Amino acid sequence: MTICNATRCSTMNDSTTQDHNPSDLGDLEREIMDLVWRRGPVNADAVREMLSRPLKESTVRTVLKRLEEKGYLTHDVEGRTFIYRAAEGRDRVAARAVKRIVDWFCGGSAEDVVVGMVETDMLSPEQLQALAEKIEKARKKGA
């Protein structure tokens, strides 16, 4: 189903980002998403120019369309040009990817993941303290 109003269009189907596994994105899809998250709204020509390897215009447009169908991008139409933007921020997509890992490997226990990250020196004591402060701030905000 495609939803359009004056200049914004987004394509929705059964495999939107809510159900899609971000770790299943291919290398090119991840590179394009990284460009969009870093740069902001872009057209296909700008994406093609910024990619790490030369690709045909049709290839770039196909990947942009696929990312939109998966729910990662939306687009506005300016004249005849599609301007793509991220449907969600990098942090939300990353959180969903981590949730899938937590569910698969730790039976849904985020605590097990954090303990594992501490035990393998992925999180320093300073990072752990900063994380605790952010959690407390989020709790106060939600209460």
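Colleague: What should I know before we start?
Modeller: It's a predicted model, where local features need pLDDT of at least 70, side-chain atom pairs count only at pLDDT 80 or more, and totals for chains, interfaces and linings use all residues. Numbering starts from 1 along each chain as its sequence is written, and side-chain values use heavy atoms, with hydrogens and water left out.

Colleague: What makes the span of α1 agree with what a helix should give?
Modeller: Helices are DSSP runs of H or I with at least four residues, numbered from the N terminus, and the expected span is 1.5 Å times one less than the number of residues. α1 (residues 27–39) has 13 residues, so it should span 18 Å, and its end C-alpha atoms are 18 Å apart.

Colleague: Which residues of α3 are called buried?
Modeller: Buried means under 20% relative accessible area (1.4 Å probe, protein chains only). In α3, that goes for Val60, Val63, Leu64, Leu67 and Glu68. They cover an arc of only 140 degrees around the axis, taken from the directions from the axis to the C-beta atoms, so they sit on the same side of α3.

Colleague: How do you know that β3 and β4 pair?
Modeller: Strands are DSSP runs of E with at least two residues, and two of them pair if DSSP finds at least two bridges between them. Six bridges join β3 (residues 73–78) to β4 (residues 81–86), so the pair qualifies, and the strands run antiparallel.

Technical notes:
Buried means under 20% relative accessible area, exposed over 50%, partly exposed in between (1.4 Å probe, protein chains only).
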